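Visitor: I am new to this structure and would like to be walked through it, one question at a time.

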Amino acid sequence: MNLEQKSSEPFILFEIAQTSYAIQAKLVQQMEMISTITPVPNAPNFVEGVVFSRGQVIPVIDLRVRLGLKKAEYNLRTRLIVIQTGTRTVGVIVDSAREFVSMPTDAIQPPPEAIGSSAKYISGIIRLGERTILLLNVEQLLAITCDVQELPPVRS
Amino acid sequence: MSDNEGQSPFFDEFLDDYFAESDTHLTSIRSNLLSLESSLDCIINQQLTSEIKLEVKSLVDELLRSFHTLKGLSGMVGIKEAEALAHTMESYLRAIREEQVSLSRSAMEAFIVGVKVLEETIAARRTKTEPPDITVVMAQIAAELPGGGGGVLVQRSGGVLVQRSGGDEEHGGKGDEEHGGRGDEEISLPRTSAPPRPSRWQAQAHESPVSLKPDELERLKVAVKKGTQAWHVEFVPDRDRAERGINVNYIRSRLQEIGDLIHAAPRLAPGGKTLFDFVVATTVAGENLFPNPEQDGINCCLFAIPGEKGSCAEEPRSREDEEQSETQSEDAEDFEAAEVVLQSSATPAAARAGWKSAPTVMPSNVVRVDLARLDDLMRMLGELVISRARLEDQLTRLQSIVPAKHLRPIRETSQTLERQLRDLRQGVMQVRLVPIGQIFSRMQFVVRDVAKATHKQVFLELKGGETEIDKYVVERLMDPLLHIVRNAISHGLESESDRLPAGKPAQGHLALRAATSGEMVILEIEDDGRGVDVDRVAEQARKMGVLDAETQIDPNLLLDILCLSGFSTKEQADLTSGRGVGLAVVKNTVQELGGILSLTTAPGRGTKFTIELPLTLAIADALIVSVGGQTFAVPESSVREVIEVESQKIIALENWENNPSHPRVRGNQGLSEIQRRFTELLPFRQDVLPLRRLAHLFGLHQVAQDRFHAVIIGKDLNTVGIIVDRIIGRQEIVVQPLSDPLIQVPGIAGATELGDGRVVLILDVAALIRLSKDSEKWRTS
């Protein structure tokens, strides 16, 4: 896979529950180990809290929770991937993240039907040798359901 | 639309300056026009005392100056429509000043419309949309000029449409100056000490359209003293040349290579083309500056250094000369006015014949600063504050290792640093503050318009215009305030025929007041109109199902109801005397600024809106509290008091309700509607303080304690005590916004760092006050 074709792009690979995922390297601002995360009360359940990243306060999403998996304990391999897309900067907690590969974009196939409820967070599949890698749909990942803050009906 | 799209990048700088400048001038124009209008009756009825005459004269002079400058500036950036409009209005004002025509009501009307259209034209350029049609209003104003409607629309040589009225031949040379001869000169050079020639002013060397800023002039003089020569290089760009790489940036860099580039600016030339003027000081001879001047559209000639500015303010010798020097002075003045400079010893405006003392528009020691730069300053200051907090933190940790006598001097230095940073913080915040009077003067115009449109007479009381408020807040408040004011006049104030029988004066009274109170700014908008019919609102709310039968409406509830979507439609306007329309947006804006909107109303007597806003946005003093094991920061400015609460003294409402003979009940005259909503109350001074536990709101573990601390927030009917586990201390914090929607939760206003790198959330006090009224959210975990 070292052919530098015009249509290949660099990706960062990470793992959640022994499954490999990929995200475009251009979206990744930095990767770091987990430091103290401050919980935010009444935030969506997949939002672990907030941390400082480059002087900015950013939300941190636990990707396991977001994908509907059970939360895991953080250890030395757990990583925080800081993603920047458009105007939003968000941190994502993953089990581990070590690889940085270039993959040809035309090798990306649409996700199969069988993935299940977290299908909307996957935008494609790539086969890298023996491995199957799931391409993360960052937009969906960061989306929040539109919750208009209206005053509830008043009753005494 | 103007034809300056796609010119070089540094042209945009001029545009930004232009928008800022024109804003200032328009503000001054508006206020002067209003003053003039108030004297209109006297003018029309010829009841002019010498006092009024003088005042009118000075108003006209100031207006002339503003329009003249606007005209020049607009011409320079190529907004032809604005230039033409400003020119027409200037001509009319000149005619007034020369007493060729007397101010009439129709002219006043046309003028006011003209100013609006002018504003719209400039705004259109800013937003890059279609400018409004100026022909109608131009014709209206021109019709007022001597020579009247018989004027002819001619194409001026500069590509600007003006109406040359038939009968101004007596202006002679001046007329030509205005229309013909000045076609290619928008801004003139301050002339040298040579006496002015009768019909047009000229420089020594040749007519130079280039005018230098004072600092540029200085640089030029210094450069020339060193033995270089000053050249004026004129460049006309076109597509062919651009394709060959001969463009403004090329010229610029070339000139920078071979000498000292003193000046570079665009200029609107005859025919509507834009060309560029450069002034460079170099030892290279003009002919050798560029290889192919002809082909490349370059024209070089010697540049005459203008004389001292003071030479403009010559005493006029004859009436004609007086007109000349006045024109020169005006131009020199508008040249000055077009600058953003710190003038050392100002050329006294009073020295100019016939003008009143220093223009109110441009005080000579004012600097205009981009708000973005102030934001940067604040950010840097914030970083300093955090660094110092870290220092303090680290010093504390050293306590156990380093003997106190060594640690003490370092600690003292750290504390001095804190004091100095605090002072610096104050200083920077002061720079961001502007008087709220800025908004007030806009209001005058709006009030006038709406009053006219609704055929009502309104007396506008303005108080506290000097109250200072953060510039950012001022910008965002403009729309909400406009909205409230418009509503007050169109719906709140009754028509004359309704007011008189009610015993009210025919003229409606609208008051705008501003004052500071501690670290808050309080704004009031009050009218003496018909007020909100609370009963009808309640009825409607019950019909809509948002209010149940028993609940009475208090002012807070009223505001909340009015902000509901059912009340924001125009159809409901009568019901609520228009208050509901868009009120939700107003409330949101105020909340976003960390403020509180409230209203009080009395049917038949009037309505008062109150907006309370925190003065400081970026760095604040905060109380650090602990709740359920987590640390939070509470802005001190919003805290009224901190008290210690004994658990046993708290009254749980269930107990109370079931036990009417409870001693506390007998002592109080019963509880207010609001107090009834709370499940926990504390007897406090002569009253009862409703309590809320922050742990409940945030779903945190509530520690069982004998004693708690309660932070008292809100006031009057809104007072509530927020229970926390304990107060840890006070600290200066830098407020970081929580911008991502995922972490925007009610009750949290932002985040900060206390010195150890961990995020600490900042409580949104205004939100807590609002939320405290809703029992649902404070359920026991």
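Visitor: How many residue pairs are in polar contact between chain B and chain A?

Guide: This is a predicted model, in which local features need pLDDT of at least 70 and side-chain atom pairs count only at pLDDT 80 or more, while totals for chains, interfaces and linings use all residues. Residues are numbered from 1 along each chain as its sequence is written, chains are lettered from A in the order in which they are written, and side-chain values use heavy atoms, without hydrogens and water. A polar contact is a pair of N or O atoms within 3.5 Å; within protein, one must be able to donate a hydrogen and the other to accept it, and residues adjacent in sequence count only if both atoms are side-chain atoms. With both residues at pLDDT 80 or more, the count between chain B and chain A is four residue pairs.

Visitor: Which strand gives the most residues to the side of chain B that touches chain A?

Guide: Helices (at least four residues) and strands (at least two) are DSSP runs, numbered from the N terminus. Helix H18 (555-562), strand E23 (748-753) and strand E24 (759-763) of chain B each give two or more residues to that side. The one that gives the most, with four residues, is E23(B).

Visitor: Which side chain of chain A meets Asp740(B) in a salt bridge?

Guide: A salt bridge is a side-chain nitrogen of Lys or Arg within 4 Å of a carboxyl oxygen of Asp or Glu, and the count between chain B and chain A is one. At 2.8 Å, N to O, the partner of Asp740(B) is Arg88(A).
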